[in-house]
Amino acid sequence: MVNTTPINFVTPEPAAPSAQYIPDRGDDGSTVVALSFSGGGTRAAAFAHGVLLELDSFTVDEHPYRRTLLDNVRSVAGTSGGAVAAAYLGYRGKEGYKDFREKFLYKDAESYMVTRALPGAVVKAALAGGVNDRNSFARWLDDNLFEQATFSAFRKPDRPLVWITASDIYNNTPFLFTQDTFAALCSDLDRLKISEAVGASAAVPIAFAPIILRTPRTDCKYSRPAWLQKAIDAENPSVRLQAYARALDSYQSDGKLEYVRLLDGALTDNLGITGLTLERAKAVEPYLPLSPRQAVRMHNFLFIVTDAGRYVAPEWGESQTPPHIGKILAAASQTAISSATRSGFDAVDLALEQWQEKLVRYRCSLSRDQVRKLRGTLAGWNCRGVTVTTEHVSFRDADPGLFARLNKIQTRLKLPRAEVDLVIEAGRQAIRNNPNIQKVAQETRKDAHIFDTAELPLVAQE
């Protein structure tokens, strides 16, 4: 019998809103890195882990202690398999994430799942909502990886902001596990187990039954955030932001909606880019989601989007014979996800290009005294010296000889060790082979010394 117990904890008191700014660790702040990990089961998690290991190999400062490019990661997002890696970095931090290979990638995360059954039993379970429920993968994560930890474990000063994405199949929108979302549900996000959120993000239809959340049936004194009201009322809004705002509003206002059902985040956002995209869409200040201090001290904002998707040409492409309905459905699903993935990346790339223009205008509007107060020094200051870039890294960015082998690796939660190691190496190579990431690392090393030098003349501002 499918477990339909809601995963959220409804509270009588209003929840705190989401943080206005992404974390600022108080270092020189010259480079801010955001990460987003795609779906794709253990294959995606292994690719993300390789990316983290390689970023951790770039030393950007030695004083007063060794820092790597991974120290500059301020936010990490993930969908499905990528959500496992994102959540583990948020849970364990830079000093603890390295055992992810042994703790998850080499393990059998399908051991609590029904993966084989008589055809009739599978059909019956699928018709009832799904073959597995929250007592399968989510429980395995809780027992073996996240140790019953809740979202409160993310609230540490040295941890990045974590965005985990699932899909709200009532509103047909992404579902972000954020305080704003849970405030609309009159629920306490800090009490939610990390494993439950990751399990919802990875709940592939049919293989998993939808994960359930309870909408509030009593008044918790909820007040719409200003951005949500503005998005609903806007005449020419961001379509994505307005859809998300209406989804959150439905949790309070839709009398027919007592339960929200979540499935695989890949259905609405296979790259895990919704978190950062929405933060920019709802921003009322040019520097958000950065603080004014971060926006003025920053030289590079680097958004790395990992894509562990694969493409296997259908075998029926050479035949006139109609393919089996199962193959048609699989191809239709893959086509929809691939198309949405390309469109999503193009949209976030454009949004961040526009953000760079707004950052430049904001920085150049500041007086010398304002710059000195926010930045601590005028040394090397150039109001136009800020770059926002998005880097999409995939299997094609690894060494060419690996692509054919990588493309054959299945989307599962259990893989042979040799395949895990191959995908980790591909993630490392994809970062190593990216010239812009190399450039940002070099500039970060140079920028690390600026705040230790005497003040220099300002670079001319137009």
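Select leucine 415 to begin: with a relative accessible area of 9%, leucine 415 is buried. Keep in mind as you look around that this is a predicted model. You will find leucine 415 in the loop that runs between helix 14 (403-406) and helix 15 (417-432). Now show its surroundings. Setting aside residues up to four places away in sequence, leucine 415 touches Thr42, Arg43, Ile409, Gln410 and Val420. Lysine 107 is 308 residues away from leucine 415 along the chain, yet their C-alpha atoms are separated by 8.3 Å.

**Next stop: a charge over a ring**

Select arginine 417 together with tyrosine 106. Arginine 417 lies over the face of tyrosine 106, at 4.2 Å from the ring centre.

**Into the nonpolar core**

In soluble globular proteins, nonpolar side chains tend to be buried together. Which members of the largest nonpolar core touch the most other members? Select Phe104, Phe137, Phe177, Ile194 and Phe301: out of 133 residues in this core, these are the ones. Then colour helix 1 (residues 41-55), which gives the core its largest share, 9 residues.

Stay with phenylalanine 137 for a moment. Leaving out neighbours within four places in sequence, its contacts are Val84, Phe104, Ala109, Met113, Gly199, Ala202, Phe208 and Leu413.

**Aromatic rings**

How many aromatic pairs does a search of the whole structure find? There are 15. Select tyrosine 88 and phenylalanine 100 to see a tilted pair, 5.3 Å centre to centre with 35° between the planes. Tyrosine 88 belongs to helix 2 (residues 81-92) and phenylalanine 100 to helix 3 (residues 100-105), so the pair ties together parts that are 12 residues apart in sequence. Tyrosine 88 is buried, at a relative accessible area of 1%, and phenylalanine 100 counts as buried too, at 2%.

For another tilted pair, select phenylalanine 175 and tyrosine 251, which are 6.5 Å centre to centre with 45° between the planes. This pair links distant parts of the chain: phenylalanine 175 sits in strand 6 (residues 173-176) and tyrosine 251 in helix 9 (residues 239-253), 76 residues apart. Are these two residues buried or exposed? Phenylalanine 175 and tyrosine 251 are both buried.

Before moving on, highlight Tyr88, Tyr91, Phe100, Phe104, Trp140 and Phe146, which form one aromatic cluster.

Now select strand 5 (residues 161-168). Of its 8 residues, 7 are buried, so strand 5 is largely enclosed by the rest of the structure.

- Strand 4 (residues 73-79) runs parallel to strand 5, and 5 bridges join them. Look for glycine 78 opposite isoleucine 164 in strand 5.
- Strand 6 runs antiparallel to strand 5, joined by 4 bridges. Here threonine 165 stands opposite leucine 176 in strand 6. The two strands form a hairpin with 4 residues between them, and asparagine 172 in the turn has a positive phi of about 60°.
- Strand 8 (residues 259-263) also runs antiparallel to strand 5, with 2 bridges. Serine 167 stands opposite leucine 263 in strand 8.

**Last stop: helix 10**

Finish by selecting helix 10 (residues 274-281). Why is this helix described as largely enclosed by the rest of the structure? It is because 7 of the 8 residues of helix 10 are buried. To see them, pick out Thr274, Gly275, Leu276, Thr277, Leu278, Glu279 and Arg280.

Key. Residues numbered from 1 in each chain as written. Predicted model: local features only at pLDDT ≥ 70, side-chain atom pairs only at ≥ 80, totals over all residues. Heavy atoms only, no water. Buried < 20%, exposed > 50% of the residue type's maximum accessible area, 1.4 Å probe, protein only. Contact = heavy atoms within 4.5 Å. Core = buried A, V, L, I, M, F, W, Y, C linked by side-chain atoms within 4.5 Å. Phe/Tyr/Trp six-rings, centres within 6.5 Å; stacked < 30°, edge-to-face > 60°. Lys NZ or Arg CZ within 6 Å of the ring centre and 35° of its normal. Pairing = 2+ DSSP bridges.
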